[in-house]
2 protein chains.
Amino acid sequence: MPRTPSVPPSPAGAAGPVRPRPDAHLALRPAPAAIDAGFWHDRRETNARTSLPQGPGLLEAAGNLHNLRLAAGSTEGTFQGAYPFVDTDVYKWLEAAAWQLAQAPDDALAADVDRIIALVAAAQQPDGYLNTWFQLVKDGERYQDLRWGHELYCAGHLIQAAVAHHRATGHPDLLDVAVRFADHIDAVFGPPGSGRPLDGIDGHPEIETALAELYRETGERRYLDLAAYFVDRHGHGLLGHDAYCQDRVPLREATTVEGHAVRQLYLLAAATDLATETGESRLRAATERLWHAMTTTKTHLTGGLGAHHDQEDFGDPYELPNERAYCETCAAIACVQWSWRMALLTGEARYGDLIERTLYNGFLAGVSLDGERWLYVNPLQVRDGHTDPGGDQSARRTRWFRCACCPPNVMRLLASLEHYLTSTDDDGLQIHQYVTGTYTGDGITISARTDYPWNGTIALTVEDAPEDRSRTLSLRIPHWCREFRVRCGDDSYDRTDAPVTDGWLRLRRVWAPGDQVVLELALDPRLTAADPRVDAVRGCVAIERGPLVYCLEQADHPGGGLDDIVLDPTRPLAVKQRPDQLGGITTVVAAGRRRRIPDADWWPYTPYSPLNAPGSSSTGTTGTAAAAESPGEGEPLELTAVPYYAWANREDGSMRVWLPTS
Amino acid sequence: MPRTPSVPPSPAGAAGPVRPRPDAHLALRPAPAAIDAGFWHDRRETNARTSLPQGPGLLEAAGNLHNLRLAAGSTEGTFQGAYPFVDTDVYKWLEAAAWQLAQAPDDALAADVDRIIALVAAAQQPDGYLNTWFQLVKDGERYQDLRWGHELYCAGHLIQAAVAHHRATGHPDLLDVAVRFADHIDAVFGPPGSGRPLDGIDGHPEIETALAELYRETGERRYLDLAAYFVDRHGHGLLGHDAYCQDRVPLREATTVEGHAVRQLYLLAAATDLATETGESRLRAATERLWHAMTTTKTHLTGGLGAHHDQEDFGDPYELPNERAYCETCAAIACVQWSWRMALLTGEARYGDLIERTLYNGFLAGVSLDGERWLYVNPLQVRDGHTDPGGDQSARRTRWFRCACCPPNVMRLLASLEHYLTSTDDDGLQIHQYVTGTYTGDGITISARTDYPWNGTIALTVEDAPEDRSRTLSLRIPHWCREFRVRCGDDSYDRTDAPVTDGWLRLRRVWAPGDQVVLELALDPRLTAADPRVDAVRGCVAIERGPLVYCLEQADHPGGGLDDIVLDPTRPLAVKQRPDQLGGITTVVAAGRRRRIPDADWWPYTPYSPLNAPGSSSTGTTGTAAAAESPGEGEPLELTAVPYYAWANREDGSMRVWLPTS
């Protein structure tokens, strides 16, 4: 049902991604927030002080900037890099820097940005085309290899950077470059009968959501139509019906997520942008259906997405391996970007649940605590004595990658994170994510103080509110939360009597400055089990606390590895504050043991017998581990779990999220 | 300790692979056998009547023969095929055909062989070089890309085919081609200081074991030295210390198998050949160490090898996934070839145990019952609703492959299978594998009748024996066998009193024609569990009977899939003869149920609670499945298991080897 929102567009100062047009068809409208202290503030400081400033040097060393100069004719040499999409590393860094500049002036960063924008502009060809690989390596053979060439993918990231830069600074220089390229693409691509020379799509979606954002920024409807054309042409065989490239089936007919995870998620973000701007119900239904299929059957506990190393793609339903989980950092980022669009489109709290889970786990693990090293792949297990002869880098942080898509992608999400926190509608303000800072919307400003995720108390104070009418303050009660209390003036509620509907705690008042709301989310550590169809974790539990997934690391368990460890789920979990460890964390301590595993002669498979299976002494029926192991046997051991996001920041070693219970 | 065998070389008629020289240092010497009827006879008939005769047509259709003509200048056109090693499909087919001709004259097959050998000979260059890819596509740029070029790998398969053809027919035509190529390689490759222009190794081992066989066939020591040079130069960085290509570490220092599975196994076959021919104890120790590391930690229940799709390589120890098991058919073949060499070198029975397991399961699954369709990848699980958008072909039999290494490899093993069955030493005859047929060695001939693997009775009759002295008949008691009886004349033994040492039942007698030995192996179906470090199968059992691993297929379980099935391990297993099914099989029937799994809202992970875990009603402590499932709940179901080798011969559907017990 089309809906004309009565709330105004976001204030001019709030430069961030995803700015629906005033006439968009959506339930919620993004609203400004600021992050002033606490968990995410610290991460953003590291991003601003370490990761972002190191970017230009890394892009210089890897040859990305050299390639731009080469394309501009201002230097000599040969193309550096192994992929046709290396330009996007520059564009994503520019986007990240732009969001950063929107928050705080930074002369050095601004100078880097201007310098690099000049390189980009100089490399652009007179007709608007820009791709250093094709200009330098492929002799300008444009659009001959849409499946693997990534030309429109690169254009998409250029456009997103330009939109960010324009929103953040008001300067038109990069936007002019992007518009020239977009107009060029618009002149080249179109459906049969349109008079355009080419009917085609890019093997890696990205141009679609970028064009939607360019429409939002410029108001030029052609860009939205072009985005719609590209989205619609997926699934019709232009790329051989290849699932990897999102061409097996039209999106509106798809029943599950499939193919290359990042490609799928960027395409779905674009589809959501289109549903938002056009109000098309069939497209919206597809996005809701596919999000549900993804979360119910193809999402790791960490929010990680993509089961296969082989093609960086989704597997079958419930195929969620641990050590070979691919869970590309970029897929986590794409999931946040898409889920936020879904939250705005539908108004539902569960999208914020997945965003929270992804941010604190599958996404944040992608960058080291010091902001200098990265994970491309985010497994849920690293075995004792793991070796990486294939060089898949799944268990070792790396300074930069030959395919360096993830690091600047992390930077742009961290630099724009405050834009994924809060929204407004006709009736008030919604808080999707909890930080120390301020939330502003529908005329009211609320400040928040919290030590979340270490502490479950969030103290909200109304700083400013016109007393013209009542408004609803909506607080997301996280999906993981079993107990909470909320005090609002003289009222107090808990899980049994709080006005919660579909994950939103709705507090309706005529708010006045000084009003206080204190939400206390119980943060007892907990054990989590999986649907029994997730074969990879049968007989295992995971430790969680609040939004954090925990893992064991070898560094905390001297005297052995982790592959022979068993957790006793009948013993209570304990919590320890460790301000000294891993940048300051809370650990969870569990009781367990080390198995005694007799040496196999030469074959690790043995006759099953209920009599010697674990747990069999009392039931005689359950248990399935090696027949030769006696129940309960083994050395007792205190298991210390650390947050998953902090793993791989000490010496190399094994790691496990899922722990056997017998 | 070097050892000069007193037994003579194998009789001239026994044309098969692996013919150690008379002065080789080995415990056992291969001996002739014939397969006259029964299980493997039927498979070999299909191989001889369907698979082999179809080869030339398939090689013509795929362009392999065209490429040879093109290289010879006898036709026009362009190179067909996507890989530099397509010539090996021809060579492996020739090898298979040669072994087949050694068994029975076949004019049509012989004509095909002669015709194709003529094509090969005509394509060879004057200096002995032969590789159609490099001659036609790479403008003769020889040996510039040893890592990926496969030139020596192709040479290796040519040599193996030539050795087979010469042994089988006595004709020198293909051997002449191979010798010219080998001499060319010998003139080009050598260590620094040798005066040869190139110091290098091939990224895909195969030349090494082929040269050892060429030495055996020709007596020319240079070929063994060249094989030793290639083996020795692996692991020294000639290929960038790449584990995939077996260049990370010298073989004599390696502690586990790693990298591309087939590459690793072919190299180890060569190392075993060298240890056999030279008596080098350090090399022998490495092969024994690596075989043990492989079987204890990196072998699937089916004998399948190679955990990763990504690089067709070995994973970490105990990383043995089910649906993403790679288990390439060629790796199973390579494992049989290597393990047989180890059996001869060491005299130990366990190598025959692994050969048996591999033949009946991981290998045989690679070819369809009708001999016309193939599996490249042999997973242990296919999920309900499995899709294969990435085209990895892991669950669907295919008529031929773009990379068609496996089909002719299956053909050559089946056509030479009788050469992996029996051996002799100073003291008698060893039977490693049981078939209906004859075993000959150390002067005696024994006939055997058996319905193995369906029936465990093997009836042996001495057909011929000089009564000059006593000899030991050694019968391998399979590793899986828990109970057996053996009658030998008036003697009768069972497990408790039989003269079994290290897997060999040793019967020492002065044998006379008409003597009878009847071995009865108990074939009760059994449940098997894995070492608890094999995370992928925690909480599961597999059904086995005799040497056969069983699986469930969706075709036998209408009304649902397999992913919600639970096996009750407390209920007995039953056996049913099904001569009508899948070419005639024995099925195993187990009791189980279908779970009732409540719909997840949108997240498949739920709080673990001992109170609602399976098995908890009695113990309160065990069980880990989804919290919302009640113990024992679900529709009772009779589970019908079929031999794994026979899977994927009916309609597409799900399949499972490992079955949850709760």
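Guide: In this predicted model, helix α11 (residues 261-278) of chain A and helix α13 (residues 329-346) of chain A cross at roughly 20 degrees, and their axes come within 9 Å. An angle under 35 degrees counts as roughly parallel, and α11(A) and α13(A) are therefore roughly parallel to each other. The crossing in which α11(A) passes α13(A) is left-handed. On the side of α11(A), the contact is made by Ala261(A), Val262(A), Leu265(A), Tyr266(A), Leu268(A), Ala269(A), Thr272(A), Asp273(A), Ala275(A) and Thr276(A). From α13(A), the residues that take part are Cys330(A), Ala331(A), Ala334(A), Cys335(A), Gln337(A), Trp338(A), Arg341(A), Met342(A) and Leu345(A). Sorted by class, the contact of α11(A) with α13(A) has 14 nonpolar residues, together with three polar and two charged ones.

Staying with α11 of chain A, we can look at Leu274(A), which has its place in that helix. With a relative accessible area of 4%, Leu274(A) is buried, because buried means under 20%. Leaving aside neighbours within four places in sequence, Leu274(A) is in contact with Leu224(A), Ala227(A), Ala228(A), Val231(A), Gly279(A) and Leu283(A). Asp316(A), by contrast, is 42 residues from Leu274(A) in sequence and 28 Å from it in space, C-alpha to C-alpha.

Most residues other than glycine have a negative phi, and most peptide bonds are trans. Cys327(A) is buried, its relative accessible area being 2%. Another positive phi, of about 65 degrees, belongs to His150(A), which is likewise not a glycine. His150(A) is placed in the loop between α6 (146-149) and α7 (151-169) of chain A, and at 6% relative accessibility it counts as buried.

As for peptide bonds, the one from Tyr452(A) to Pro453(A) is cis, with omega near 10 degrees, and Pro453(A) lies in the loop between β7 (444-450) and β8 (457-464) of chain A. In chain B, the bond from Tyr452(B) to Pro453(B) is cis with omega near 5 degrees, and Pro453(B) is found in the loop between β7 (444-450) and β8 (457-464) of that chain.

Two packed helices are described by the angle between their axes and the distance between the axes. In chain A, helix α1 (residues 39-62) and helix α15 (residues 406-415) pack with their axes 10 Å apart and at an angle of about 130 degrees, and α1(A) and α15(A) are therefore oblique to each other. α1(A) passes α15(A) in a left-handed crossing, where Trp40(A), Arg43(A), Arg44(A), Asn47(A), Ser51(A) and Leu52(A) of α1(A) meet Met411(A), Leu414(A) and Ala415(A) of α15(A). The residues of this contact of α1(A) with α15(A) divide into five nonpolar, two polar and two charged.

In chain B, the axes of helix α2 (residues 64-72) and helix α4 (residues 107-123) are 7 Å apart, and the helices pack at an angle of about 40 degrees, which makes α2(B) oblique to α4(B). The crossing of α2(B) past α4(B) is left-handed. Here Leu65(B), Leu68(B), Arg69(B), Ala71(B) and Ala72(B) in α2(B) meet Arg115(B), Ile116(B), Leu119(B), Val120(B), Ala122(B) and Ala123(B) in α4(B). By class, the contact of α2(B) with α4(B) has nine nonpolar residues, no polar ones and two charged ones.

Another helix of chain B, α14 (residues 350-363), bends by about 25 degrees at Arg357(B). Because 14 of the 14 residues of α14(B) are buried, the helix is largely enclosed by the rest of the structure.

Finally, back in chain A, Glu633(A) sits in the loop between α16 (616-619) and β22 (635-643), and at 26% relative accessibility it counts as partly exposed. Not counting residues up to four places away in sequence, Glu633(A) touches Arg593(A), Arg594(A), Arg595(A) and Arg596(A).

Note on methods:
Residues are numbered from 1 along each chain as its sequence is written. Chains are lettered from A and ligands numbered from 1 in the order in which they are written. This is a predicted model: local features need pLDDT of at least 70, side-chain atom pairs count only at pLDDT 80 or more; totals for chains, interfaces and linings use all residues. Side-chain values use heavy atoms; hydrogens and water are left out. Axes are lines fitted to C-alpha atoms, for helices over the stretch in contact, and angles run from 0 to 180 degrees between N-to-C directions. Helices (H or I, at least four residues) and strands (E, at least two) are DSSP runs, numbered from the N terminus. Angles under 35 degrees count as roughly parallel, over 145 as roughly antiparallel, 65 to 115 as roughly perpendicular and the rest as oblique. A crossing is left-handed if the near helix is turned anticlockwise from the far one by less than a right angle, and right-handed if clockwise. Contact means heavy atoms within 4.5 Å. Ala, Val, Leu, Ile, Met, Phe, Trp, Tyr, Cys and Pro count as nonpolar, Asp, Glu, Lys and Arg as charged, and the others, Gly among them, as polar. The bend at a residue is the angle between axes fitted to the seven residues ending there and the seven starting there. Buried means under 20% relative accessible area, exposed over 50%, partly exposed in between (1.4 Å probe, protein chains only).
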